[in-house]
Amino acid sequence: MPAIIQNDVLIYKGSNFFRQRLLLSTLSGRAVKIEEIRSSHDDPGLREYEVNLIRLLDKITNGTRVELSETGTSMYFQPGILIGGQVTHSCCPQRGIGYYLEVLLALGPFCKEPINAVLQGVTHHDLDVSVDKVKAAALPVLLKFILVDDGLELKVVRRGAPPLGGGEVVFKCPVRRHLRPLQWCKWGLVKRIRGVVYALRVSPTMANRVVESAKGVMLKFLPDVYINTDQCRGSNAGKSPGFGVSLVAETNDKTFYCAEAKSLEPGTGESTLPEDLGRECAMKLLDEIHRGGAVDSSFQWILALWMALGQKDVSECVVGPLSEYTIRFLQHLKEFFGVMFKMEVLREDEDSDDETVISQKVKMTCVGIGYVNISKRTL
């Protein structure tokens with residue numbers, strides 16, 4: 001549902017895409033009002049993880065004003081100035097650290113001080129991208145816009161599985177005055193596959209079984225496959241048992257596709273076979289490679305954000321089929337910044353066998369708005 005604008009305040013209804021709206025509000029400096037947040041639910045209002053996100057935004061800004069109704073079903077958010085700097089934040093275990101990390105990644109280059117954030121919580125969650133995926137597939141995209149990686153770092157100190165978490169990551173991001181425009185229409189062929197299997201408070205043999213299963217699938221596709229095991233012990237293994245796998249395919253044009261899978265939470269009454277998990281993750285990665293494009297499908301939206309905020313020049317990029325999340329993000333970009341993207345569906349050669357399913361590619365083109373980090377005076 002599109003926003004209604006009253007006195008330069010964007011008014012939305014419902015809890016969908018809550019994080020997108022707060023993120024773009026913080027970058028644009030425009031206030032938002034969100035009404036009817038789960039008003040028809042048995043448990044109405046904001047969830048704990050959403051309040052936790054507001055607290056994180058408050059820590060990295062100065063002068064943010066938030067007003068909540070008594071029931072929590074209505075919220076007014078007036079963003080302050082992005083300051084960044086040192087932050088320690090305990091993330092809500094209802095969501096993964098990735099939920100909060102993506103926000104810091106999107107805001108990082110535009111802060112006054114380089115972000116140095118310590119985030120604690122669940123490092124691998126079903127609803128969110130894992131910290132491994134952000135490190136493997138999102139940081140290389142940011143590098144295309146800022147060019148130099150001095151000070152860009154994501155370090156996994158401890159892993160933490162749901163429901164109790166206990167993981168910890170350190171994220172550092174340099175600041176830039178502006179982002180460079182980007183032309184990225186080639187992604188090359190996959191040259192190698194790397195991965196990591198982690199085992200937290202479970203038998204180490206679980207990790208080895210996942211590795212064998214995942215390699216069994218991937219070696220039919222490519223000979224250069226190497227998967228590490230991360231056997232976490234003691235305090236480094238977090239507070240809950242679990243195991244999982246993250247696989248990364250790297251192309252000869254420095255594009256990274258990532259897929260992941262994890263065991264079910266303890267207490268759900270079902271168990272996960274390591275062999276099934278390895279196979280599931282390998283098939284997901286093959287699907288991601290088939291979708292193609294210059295960026296992993298999970299990070300299309302953040303690519304669109306940086307393209308839109310770049311210098312006043314044309315940026316273009318070819319991606320795989322757009323995710324629903326990206327489509328909504330593009331609509332929000334138009335409402336907050338007035339940026340329109342030109343979308344061009346690329347036709348691929350159809351002279352292959354009838355049985356071959358051809359993945360649709362989309363060429364995204366836009367002119368950056370010339371967003372400038374006013375706090376950073378030097379280049």
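This is a short tour of a predicted model, going from its domains to a strand sheet and then to a pocket.

**Domains.** Begin by colouring the chain by its domain assignment: domain 1 covers 1–81, domain 2 covers 83–176, domain 3 covers 190–291 and domain 4 covers 292–379. Between the centres of domain 1 and domain 3, taken over C-alpha atoms, the separation is 36 Å.

**The sheet.** Next, select the five strands that form an open sheet with mixed pairing, in the order β1-β2-β3-β6-β5. At the edges lie β1 (4–6) and β5 (65–68), each of which pairs on one side only. Going from one strand to the next, the twist averages 20°.

Now show β5 together with β6 (residues 75–78): these strands pair in the antiparallel sense over four bridges. Within this pair, look for Arg65, which stands opposite Gln78 in β6.

To see which elements give two or more residues to the lining, display α1 (18–28), α2 (48–60), α3 (97–107), β15 (242–251), β16 (256–262), α6 (274–291) and α8 (324–337). Finally, colour the lining by class: 13 residues are nonpolar, nine are polar and 14 are charged.

Technical notes. Residues are numbered from 1 along each chain as its sequence is written. This is a predicted model: local features need pLDDT of at least 70, side-chain atom pairs count only at pLDDT 80 or more; totals for chains, interfaces and linings use all residues. Side-chain values use heavy atoms; hydrogens and water are left out. Domain bounds come from an automatic or database domain assignment. Ala, Val, Leu, Ile, Met, Phe, Trp, Tyr, Cys and Pro count as nonpolar, Asp, Glu, Lys and Arg as charged, and the others, Gly among them, as polar. Two strands pair if DSSP finds at least two bridges between them. Axes are lines fitted to C-alpha atoms, for helices over the stretch in contact, and angles run from 0 to 180 degrees between N-to-C directions.
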